Amino acid sequence: MPKNSKVVKRELDDEVIESVKDLLSNEDSADDAFKKSELIVDVQEEKDIDVEEESEVEDERPAWNSKLQYILAQVGFSVGLGNVWRFPYLCQKNGGGAYLLPYLILLLVIGIPLFFLELSVGQRIRRGSIGVWNYISPKLGGIGFASCVVCFFVALYYNVIIGWSLFYFSQSFQQPLPWDQCPLVKNASHTFVEPECEKSSATTYYWYREALNISSSISESGGLNWKMTVCLLAAWVVVCLAMIKGIQSSGKIMYFSSLFPYVVLICFLIRALLLNGSIDGIRHMFTPKLEMMLEPKVWREAATQVFFALGLGFGGVIAFSSYNKRDNNCHFDAVLVSFINFFTSVLATLVVFAVLGFKANVINEKCIAENSKMIVKFLRMGNISQDIIPHHINLSAVTAEDYHLVYDIIQKVKEEEFPALHLNSCQIEDELNKAVQGTGLAFIAFTEAMTHFPASPFWSVMFFLMLVNLGLGSMFGTIEGIITPVVDTFKVRKEILTVICCLLAFCIGLIFVQRSGNYFVTMFDDYSATLPLLIVVILENIAVSFVYGIDKFMEDLKDMLGFAPNRYYYYMWKYISPLMLLSLLIASVVNMGLSPPGYNAWIEDKASEEFLSYPTWGMVVCILLMVLAILPVPAVFVIRRCNLIDNSSGNLASVTYKRGRVLKEPVNLEGDDASLIHGKIPSEMSSPNFGKNIYRKQSGSPTLDTAPNGRYGIGYLMADMPDMPESDL
């Protein structure tokens with residue numbers, strides 16, 4: 001080929017390369033224009049949206065440092081004070097070991113499916129409770145607000161219990177413990193035991209008089225208890241400092257607050273098993289009373305315990321899971337955390353009844369010693385013949401078996417005169433049957449048992465430090481259930497919101513550290529959470545299964561997890577769980593209606609508790625607590641249904657997609673424009689142009705309905721791919 005021909009060929013090749021570069025640059029610019037363009041999307045009754053990969057949705061969203069940290073956070077939230085002082089009481093009350101069967105069945109039917117549901121929506125949508133339920137169905141967006149209100153109510157009094165535990169913790173560094181014996185009162189002539197303590201017990205007196213300095217009724221305020229006020233302030237300072245940086249600060253504390261209680265429980269179990277009577281307590285605990293399984297009340301209380309043990313409806317589960325990676329196996333997490341919670345309850349029950357068995361044995365020995373002295377006295381007086389007492393029995397050092405033998409003999413011989421002798425049978429089962437729960441277990445029964453432990457201050461310090469950590473783990477989840485959705489929705493600074501929230505809660509919480517504060521704790525515990533949370537979780541189930549669509553939700557799970565969840569969950573979410581929850585709600589309403597609203601007041605003169613009804617204003621407060629907690633649900637529904645708020649106002653936002661990221665931009669709709677892409681017009685775009693037929697709206701799509709947190713369902717499909725599968729979340 002001639003030399004000039006090679007030159008011409010090289011020039012032609014260069015022109016071709018430049019043409020290709022021009023084409024690519026034009027394509028890039030068109031692609032950039034497309035990426036920067038705004039998509040207006042529809043909220044439909046059946047949501048159609050594709051939330052992109054975790055790194056694309058919101059790059060700046062915090063994340064857990066490790067999977068272990070996340071699991072510990074969920075365990076710390078679900079495993080709380082109720083596992084230690086509620087579950088053992090229910091187990092004893094409802095058939096012992098037989099109670100575990102209905103509890104396990106209901107854990108599988110209600111607990112794990114609903115826990116899995118909350119983990120899934122939080123992880124998939126990566127928002128707090130307000131954002132999640134706004135996204136699922138804007139008209140049901142009030143579910144998230146209701147969760148926040150309930151969380152706030154519960155946080156108000158739950159931190160008071162942590163304050164009580166801090167007080168007892170601070171008083172445990174003494175030998176002997178301050179609640180070991182009744183105090184002595186001195187007057188001018190002589191010294192005597194405090195009458196109120198003598199009529200009750202040392203630990204009971206210390207709890208009601210020294211710690212709470214309680215008034216005789218809820219109407220008697222009595223002013224602030226300064227000791228408990230300081231402890232409440234300390235509790236809120238700890239919570240605020242731990243939560244001020246969100247999971248970045250609270251996540252590190254989880255390693256201690258979640259694991260330390262297990263160390264203490266195991267130490268207590270080992271120590272208790274080495275004490276006399278512990279096996280009697282455990283045997284009494286797990287002796288099954290199968291006939292009680294047929295009682296509806298047992299199943300109702302088991303369902304309620306499952307429901308609250310996992311923290312369903314609070315929003316903390318959703319908030320924690322929203323910081324997960326999008327491909328995290330939340331199904332495994334749901335099963336793991338649920339069974340950790342169950343086995344923690346069983347472990348706590350073993351510990352409680354081993355310790356109570358030891359306490360019952362100590363009390364029983366005192367009872368036998370006192371009654372043996374009475375029998376010796378009757379023998380000397382001639383009320384009982386020496387001939388009926390077996391010769392091998394020494395009443396000055398009698399064993400429990402020998403005493404019961406003598407007791408039975410006297411009862412048979414002195415059948416008519418026996419009641420006048422006032423002898424006690426001194427059965428250890430009678431002491432173990434005295435069911436105690438809540439503060440009565442932690443601050444009275446358990447503290448009394450620990451006074452009989454060798455090195456009792458050490459065990460007291462460990463026990464109340466465990467209670468503090470159990471409470472803090474639950475408080476972190478509860479506060480996260482408030483902070484995360486509010487920050488996601490209103491874009492306020494987390495640090496400022498956390499401080500304001502804790503400061504406000506402390507100020508309102510001063511009603512719980514009055515002398516009558518314990519009665520307000522009972523009121524809030526009974527009325528602020530139970531019914532509202534049941535309604536919230538029922539609505540969550542309905543929103544996912546029937547409003548959003550259970551089939552689409554199952555497809556989303558398959559897309560997120562990489563495998564299809566067992567069909568078992570489909571039937572649970574769609575049929576069984578809603579029916580069970582509705583039954584539980586009806587049973588709870590009936591039980592609340594049949595039970596007179598009131599509280600157990602401590603009467604100083606009698607040194608005993610007495611049930612009192614709430615005054616009229618107290619009944620109003622109880623009703624207001626329930627109404628205020630659930631009010632956001634109908635309020636938001638009416639506002640959205642009737643379009644009472646202008647959707648194009650500044651505080652409502654639309655969603656734009658820029659490189660797959662969800663961003664918040666003002667809505668700016670003009671006229672009846674059905675175009676989905678708003679950016680440069682075709683004449684302004686670099687060639688080649690993207691025609692408007694690339695994306696098309698689905699036929700019959702409703703009008704635009706915005707959500708406060710700026711999430712929409714995507715109402716478009718690829719026009720040239722009619723069979724393309726839809727990604728629903």
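I began with C182, which is partly exposed because its relative accessible area is 25% (buried means under 20%, exposed over 50%, partly exposed in between, with a 1.4 Å probe and protein chains only). The model is predicted: local features need pLDDT of at least 70, side-chain atom pairs count only at pLDDT 80 or more, and totals for chains, interfaces and linings use all residues. Residues are numbered from 1 along each chain as its sequence is written, and side-chain values use heavy atoms, with hydrogens and water left out.

I then looked up the partner of C182. C182 and C197 form a disulfide with sulfur atoms 1.9 Å apart (a disulfide is a pair of cysteine sulfur atoms within 2.5 Å). This pair links distant parts of the chain, 15 residues apart: C182 lies in the loop between α8 and β2 (184-186), C197 in helix α9 (residues 195-199). Helices (H or I, at least four residues) and strands (E, at least two) are DSSP runs, numbered from the N terminus. C197 is buried, at 1% relative accessible area.

I noted two disulfides by this rule. In the other, the sulfur atoms of C367 and C426 are 1.9 Å apart. The torsion about its S-S bond is about -75°, so the disulfide of C367 and C426 is left-handed. Both C367 and C426 are buried.

I recorded C148 as buried at 9% relative accessible area, and C151 as buried at 0%.
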